[in-house]
Amino acid sequence: MTDERGSEPGPDNIEAGTAPMPLRVIEEFVNTRRRDGDDIATPPQLATWLHAHGLLPAGTEITAGQRERAARIREGLRALIADNNAEPVASPRPDGLDPAARDDLADLTRDLPLMLDVTVSPPRLTPLARMPVEAALARLLAVVAEAVADGTWTRLKACREPSCRWAYYDHSRNRRRTWCSMDLCGNRAKARASHQRKSTAPSAAGRFGSR
């Protein structure tokens, strides 16, 4: 599978998420950061994205600070779904996961409280925030809680390839899929591991010469 980012195969779900709704919104939110850019790099871009996903009224203005908060929440969510996967493989490339992102998300969530709305059926978590942007961000957190409750959360993962960290939904029966794309990240990791084994294995001459 080839995508618009280059000639290499791309993640299996590059064009759109495959998680069931509403968890797909989290998947697609995390994937707004790509190798070639950021879909929410500016306040207007964030407003467009949130509106397109039914989270924000049209025409809502977003400040630079709110956009920064959204980006920090995105990276915190990436860190959370990375915990749903195995440990990352060894790579010479920098890790796309911010080691402080999870703690940062914990701090941010304190300002985005949720309440249980029992006036609807079934009851659901809703944002306490009255400001549209804060309510939209809190709604993302509510989706996480709902996914944990219905058992789909652990299937949303971040790729084990450190330089990728693309979000994907694991549809496998045994829930053991570890790569966003076996053609790209999986094969890249296998090639590195093979090269590492060959580079560290003693040569035949060395083995015989030591006898």
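Modeller: The structure holds 12 salt bridges, a salt bridge being a side-chain nitrogen of Lys or Arg within 4 Å of a carboxyl oxygen of Asp or Glu. Keep in mind that this is a predicted model, where local features need pLDDT of at least 70 and side-chain atom pairs count only at pLDDT 80 or more, while totals for chains, interfaces and linings use all residues. Residues are numbered from 1 along each chain as its sequence is written, and side-chain values use heavy atoms, with hydrogens and water left out.

Biologist: What makes glutamate 134 and arginine 69 a salt bridge?

Modeller: Their side chains meet at 3.9 Å, N to O, and the cut-off is within 4 Å, so the pair counts. Glutamate 134 sits in helix 5 and arginine 69 in helix 3, 65 residues apart.

Biologist: Why is glutamate 134 called buried, and arginine 69 partly exposed?

Modeller: Buried means under 20% relative accessible area, exposed over 50%, and partly exposed in between (1.4 Å probe, protein chains only). Glutamate 134 has 13%, so it is buried; arginine 69 has 22%, so it is partly exposed.

Biologist: How do you know that aspartate 170 and lysine 157 form a salt bridge?

Modeller: Their N to O distance is 2.7 Å. Aspartate 170 lies in the loop between strand 6 and helix 6, and lysine 157 in strand 5.

Biologist: Why is aspartate 170 called buried, and lysine 157 too?

Modeller: Aspartate 170 has 0% relative accessibility, so it counts as buried. Lysine 157 has 3%, so it is buried as well.

Conventions. Helix = DSSP H or I, 4+ residues; strand = E, 2+ residues; numbered from the N terminus.
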